[in-house]
Amino acid sequence: MAEQWDAIIVGSGAGGGTAAHVLTKRGWNVLVLERGRAKTAEDFLPFDELHFWGHKNLIPHVTNDPMVYIDPTGKRVLSERWWEVNAVGGSTMIWDANFPRCTDEDFAVKQYMKDVPNSDDMVDWPWTYDEFIPYFEKAEWDWCVSGDAQRSEERMRPGYQYPMPPLKPHASTDFLVSVFTPAGLKPYFGARAINSEDFDSRPACPFCGFCQLFGCAVNCRSNSTNTVLRRAVSTGRCEVRASHYVTRVEFERGKYGSPGKIKGVICVTEPGGREIFLAAPRVIVSVQTIQSARLFLLSQIPDADKLIGHFLTYHTKGEAHFTFKAKPVWDKGLAYQPRTAVGSLQLRGMYTYADKNGVRRKGGKFSVYDPYTCITPLHLIKSASLGKLRTNLWGKELVEYLHELRSQGGVSVSFTGEAISKYENRVELDDQVKDPWGVPVARTYYRHDKWDQDLSRLALDTVSDAVTNAGGELRRYEAQGEANPGYGHVHGALRAGKNPAKSVLDQNCQSHSVKGLYVLDAAFMPTAGASNPSITLIANAYRVCETIPKM
């Protein structure tokens with residue numbers, strides 16, 4: 001293929017892979033640049049939890065390639081980039097493939113934030129959920145989603161259905177539905193980009209239990225490389241270059257306040273290697289929210305209103321574990337070979353809720369897991385708890401905890417909630433630490449608002465009441481704190497909007513100050529929303545790439 005590209009795509013994950021797929025279908029020639037190397041399903045064998053989860057060999061090591069976090073006391077902390085995978089396919093290689101849509105409440109959040117302290121920076125999105133629905137549907141089919149759209153608690157087009165039925169229910173599902181339904185928590189089977197049956201030339205999920213933070217050795221879980229990127233490459237119009245680290249974008253500066261124009265990218269193929277310039281009239285950045293903001297800062301993209309890197313958001317999180325002494329363990333198979341689904345049960349009854357004055361407020365959703373069959377052993381030991389005051393177990397107490405897991409039913413509930421956007425929550429370039437290529441690392445400053453922390457406790461208390469009323473006993477209660485060194489779904493930092501004075505990107509996710517420069521990861525999101533961002537950022541990539549004009 002001649003090196004005359006219509007677009008260069010930086011990053012090969014959810015947004016970048018989708019962009020390559022859509023643009024090649026339109027007849028564009030695209031080059032995808034990825035800092036990491038290509039991996040196949042065989043690279044994730046054997047199922048070695050110590051290697052992949054304990055030693056964290058799929059993510060950048062905090063010892064030599066960290067972020068820097070400024071904690072609430074002002075202390076500098078080396079922060080792990082736990083969700084940034086240097087591999088072709090990016091973080092889609094290790095995700096949980098949980099695909100809830102951001103819905104009406106996320107797109108029009110302002111109505112739920114009236115008279116909420118510190119909510120001045122919350123904004124409605126410059127699109128509607130209805131505008132996104134066709135792109136959600138395209139994304140769900142190309143990314144091979146399983147579930148039951150018509151029984152979802154998310155608003156769907158009448159008659160629409162996912163390409164595959166839901167994953168096999170967990171042995172606890174019927175009981176837990178009877179627990180959560182009377183409490184108004186609205187349980188349903190959520191969409192997952194995991195094969196529930198043989199589909200798209202890939203096998204059905206065998207429920208091995210090695211999902212989030214592990215590569216899929218079975219190839220039943222969708223990722224960029226086995227779905228959209230594969231289709232893009234098959235057209236003959238897409239080339240993927242691994243081990244190409246883009247350190248900045250090149251552009252012509254505009255004159256007299258007018259926008260500049262993209263020229264291409266500068267990349268290196270090894271630490272200390274020579275810089276390579278690659279030209280294209282369109283550059284699409286999709287390297288994870290924080291790293292995309294970092295690339296804009298490294299490239300010195302014009303920023304008259306000081307917005308680049310600002311309005312960083314992490315979801316408000318919370319986690320609670322329970323045991324049911326009167327129930328037998330849900331799955332009596334071997335711990336490393338469960339025969340059950342992985343967190344498919346979702347609760348959406350608190351997506352909005354009435355406060356004590358009856359005013360509707362924004363909340364979030366829950367994902368439901370079984371700590372015995374859906375969480376790998378080392379992870380379980382690290383999070384072992386027998387109550388609020390008995391945490392970080394060891395010795396006799398740890399043995400008691402492990403015995404309990406194997407003798408009685410349990411449930412683990414994870415909360416994902418809205419977060420207050422704040423200008424001061426931001427990404428910067430660190431002035432002391434550099435990565436192995438000699439490039440300044442990202443430095444983050446983040447404080448969860450009191451509203452976030454109160455929401456997390458309300459959510460965990462609500463689900464705790466439902467479970468304990470049904471005979472469950474609390475084992476772990478971990479609410480959101482003020483500090484966040486890098487945990488959770490991350491968005492913002494390159495906010496999209498109509499007004500150039502209040503946003504970095506326009507409504508089509510193109511830079512206001514450099515024409516031809518686009519961002520298609522979750523950095524575009526104006527606010528956090530309250531659902532995993534993956535399917536929403538993928539749908540946005542369809543929306544943008546179907547209309548980008550070709551030069």
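**Figure 1. Hairpin of strands E3 and E4 in the predicted model.** Strands E3 and E4 form a hairpin with 5 residues between them. Gly-74, in the turn, has a positive phi of about 90°. The pairing of E3 with E4 (residues 76-79) is antiparallel and extends over 4 bridges. Within this pair, Val-68 stands opposite Leu-78 of E4.

**Figure 2. Strand E3 and its parallel neighbour E19.** E3 is also joined to strand E19 (residues 440-445), by 3 bridges, and these two strands run parallel. The bridge partner of Tyr-69 in E19 is Thr-444. In a regular strand, side chains alternate between the two faces of the sheet. E3 (residues 67-70) shows Met-67 and Tyr-69 pointing one way, with Val-68 and Ile-70 pointing the other way. All of these residues are buried.

**Figure 3. Helix H1, residues 14-25.** The 12 residues of H1 should span 16 Å at 1.5 Å a residue, and the end C-alpha atoms are 17 Å apart, which agrees. Because 11 of the 12 residues are buried, H1 is largely enclosed by the rest of the structure. The buried set includes Gly-15, Gly-16 and Gly-17, and also Thr-18, Ala-19, Ala-20 and His-21. After the helix comes Gly-27, with a positive phi near 95°.

**Figure 4. The cis peptide bond between Leu-45 and Pro-46.** Leu-45 and Pro-46 are joined by a cis peptide bond with omega of about -5°. Pro-46 belongs to the loop that lies between strand E2 (30-33) and helix H2 (49-54).

**Figure 5. Lining of the second largest pocket.** The volume of the second largest pocket is about 430 Å³. Its lining is made up of 20 residues, of which Arg-35, Gly-36, Arg-37, Asn-86 and Trp-437 are the closest to the centre of the pocket. Sorted by class, the lining holds 8 nonpolar, 7 polar and 5 charged residues.

**Figure 6. Ser-201 in its loop.** The loop between strand E5 (187-189) and helix H6 (228-234) contains Ser-201. This serine has a positive phi of about 65°, although it is not a glycine. Ser-201 has a relative accessible area of 82%; the cut-off for exposed is over 50%, so Ser-201 is exposed.

**Figure 7. Helix H7 and the residue Gln-300 that follows.** Of the 10 residues of H7 (289-298), 9 are buried, so the helix is largely enclosed by the rest of the structure. Among the buried residues are Thr-289, Ile-290, Gln-291, Ser-292 and Ala-293. Arg-294, Leu-295, Phe-296 and Leu-298 are likewise buried. H7 is followed by Gln-300, whose phi is positive, near 55°, although Gln-300 is not a glycine. Gln-300 sits in the loop between H7 and strand E11 (313-314). Whereas H7 is largely enclosed, Gln-300 is exposed, with a relative accessible area of 54%.

Conventions. Residues are numbered from 1 along each chain as its sequence is written. This is a predicted model: local features need pLDDT of at least 70, side-chain atom pairs count only at pLDDT 80 or more; totals for chains, interfaces and linings use all residues. Side-chain values use heavy atoms; hydrogens and water are left out. The expected span of a helix is 1.5 Å times one less than its number of residues. Buried means under 20% relative accessible area, exposed over 50%, partly exposed in between (1.4 Å probe, protein chains only). On a 1 Å grid over the protein atoms alone, a cavity is a set of points where a 1.4 Å probe fits but cannot get out, and a pocket is an open set with protein on both sides within 12 Å along at least five of seven lines; lining residues have an atom within 4 Å of a point. Grid points are joined across faces, edges and corners, and a volume is the space filled by probe spheres set on the points. Ala, Val, Leu, Ile, Met, Phe, Trp, Tyr, Cys and Pro count as nonpolar, Asp, Glu, Lys and Arg as charged, and the others, Gly among them, as polar. Two strands pair if DSSP finds at least two bridges between them.
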